[in-house]
Amino acid sequence: MDTVVFKGTTAKESLLAPPPILPPPVKRPKAKKTKKAVVFFEVEILDAKTKDKLCFLDKVEPNATIGEIKSMFHKSHPQWYPARQSIRLDPKGKSLKDEDVLQHLPVGTTATFYFRDLGAQISWVTVFLTEYAGPLLLYLMFYFRVPFIYAPKYDFTTSKHWVVHLACMCHSFHYLKRLLETLFVHRFSHGTMPLRNIFKNCTYYWGFAAWMAYYINHPLYTPPTIYGEQQVRMALVLFLFCQIGNFSIHIALRNLRPPGSKTRKIPYPTKNPFTWIFLLVSCPNYTYELGSWLGFTLMTQCLPVAFFTAVGFIQMTVWAKGKHRSYLKEFRDYPPLRSPILPFIL
Amino acid sequence: MINWQWTAKCNMASGIAKWVSVMSAPAMGTTKTAHSDLAPKKKKGPGALATAYLVIYNVVMTAGWLVIAVGLVRAYLARGSYHGLYYSIEKPLKFFQTGALLEILHCAVGIVPSSVVLTGFQVFSRVFLTWAVTHSVREVQSEDSVLLFVSAWTLTEIIRYSFYTFSLLNHLPYLIKWARYTFFLVLYPMGVTGELLTVYAALPYVQKTGLYSITLPNKYNFSFDYHTFLILIMLSYIPLFPQLYFHMMRQRKKVLGHAEEYKTE
């Protein structure tokens, strides 16, 4: 049978399912304006560790993408869905991107790729939703003093301190904001992450949320004493300011990237004053996040919250430095004044 | 007998031997070492100065633990019983065990090719037992479990530090290597038993006195129950000890493996 190049990868191809009437030059160009003499590639995929031949694909279009090759590989090995495939030119090299085109890679007409199984994958959206829903609900359980947390005489009572109510609102608002951003704002570069991450991440978020909530909503909680009401007010202002800031940055980053794409561009300040911090910082979303949690720490004057802020700051600094470094690598004209997370400092 | 040098280079402990030979080669990787998984990734290995320092460090530690060993024996002979020997070696034990904190620094700086986290973890657990349990809870100091872990530590450390010393000097007697990878089979469980029994003995006193514990209410809205913490520490031995033990057993097979070809099991 006159072969369609690869079986059913694109909708277009299946529509072009061969009517037998077509004259059979084997080299049949696609609707793109390629010349008649198209050289098909052969692709062999080897296991990166054992070098076993896992799959051989012939008659691969030269403008096939890695993503399409992954789909084809998935057909012969159904247990390895594309998201868990890492395809690379060198067994120890970097993963190729889904968008990379076969003929633009440094391969001959018989391309050899190495495959590594990334393990079970889970979508970023799923992980984010799970890890943020936990703190939202757990904190509320402590706030409403659900039984078996505190002494029975306190079950379903409420704290007499107004700062405790305020803290609950702030904490809940924060995680609600995160959930909504995950659903409607963020544009993720990667679809998936390794499955074990969900356990790690949820332990972190849920664990810390429970730990903080336990003390803030405790019957023996002591509201801020150092500067009292003034401290709580200023902390609230800081918290709200940084929440708006963080949201502004998320929107600005979203607008850099057309829907469904994975483009990367240098972010710049927009008309929104909260984004002017881009002049000094590469990852102001982390800067604002730190500010929010500092506000929450001051508001509650609770040491576990301070620990959570500190740990989060360390992690975000690591991420910010990595992001800053990849900006510098990717863009020659990256503004030199910017620091990763703290203006001029870090 | 070059053979042992080859197998030795493929494992963590004799990573040290490896970069002694790396040091003598003009550039990284020109020696016959296949880069082991613990190959120092960026650094070339210690220079002559670092090696000299490490030799001194390991010699001093070997000597220190020998002092503790001798102290134990002499006290036993003097008293005629196993009880209360802790007091006779309390000071050198504290000094030399705490001194082991330097090993974390060695890893961090890169002159020793081990993981900072792993080393830190091991040293901290020792230091914790020495100070936060045995020193802090006077009532357990006369327990026999203390002697159990102190003697396990002493024997282990004498062998371990002399192993490092000889490796650094590139003259490792097979006996020392064998001892390092064999004695642990008994000493490790022995030490763990002593440690667990000591922590367990400390529990009632910690609960009674509220040692190192913070209660609510307080202005930082924080609490800490040392008693519960100690119980959690004891529970953590359950997942951790087997992992470390079997890791050492795997190392043993790798390092001493060739010797077993000649043995008939």
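I'll start with Lys94(A), which sits in the loop between β3 (85-88) and β4 (110-117) of chain A. Keep in mind that this is a predicted model. Lys94(A) counts as exposed because its relative accessibility is 75%, and the cut-off for exposed is over 50%.

Next, the record for chain A. An unreviewed UniProt entry lists "transmembrane region" at residues 122-142, 201-220, 232-253, 274-296 and 302-320. I'll take two of these. Residues 201-220 of chain A are 80% helix and 0% strand, with the end C-alpha atoms 30 Å apart. For residues 232-253 of chain A, the model gives 100% helix and 0% strand, and 31 Å between the end C-alpha atoms. UniProt, again in an unreviewed entry, also places "domain: 3-oxo-5-alpha-steroid 4-dehydrogenase C-terminal" at residues 192-346 of chain A. That span is 61% helix and 2% strand, and its end C-alpha atoms are 30 Å apart.

Now some backbone geometry. Lys59(A) is not a glycine, yet its phi is positive, near 55°. This residue belongs to strand β2 (residues 53-60) of chain A. With a relative accessible area of 30%, Lys59(A) is partly exposed.

In chain B, the loop between α9 (184-209) and α10 (226-261) holds Pro217(B). The peptide bond from Leu216(B) to Pro217(B) is cis, with omega near -10°. Asn221(B) is found in the loop between α9 and α10 as well. Its phi is also positive, near 50°. Is Asn221(B) buried or exposed? Asn221(B) is buried, because its relative accessible area is 0%, and buried means under 20%.

How values were computed. Residues are numbered from 1 along each chain as its sequence is written. Chains are lettered from A and ligands numbered from 1 in the order in which they are written. This is a predicted model: local features need pLDDT of at least 70, side-chain atom pairs count only at pLDDT 80 or more; totals for chains, interfaces and linings use all residues. Side-chain values use heavy atoms; hydrogens and water are left out. Helices (H or I, at least four residues) and strands (E, at least two) are DSSP runs, numbered from the N terminus. Buried means under 20% relative accessible area, exposed over 50%, partly exposed in between (1.4 Å probe, protein chains only). UniProt positions are given in the numbering used here, feature names are shortened, and annotations may be inferred rather than shown by experiment.
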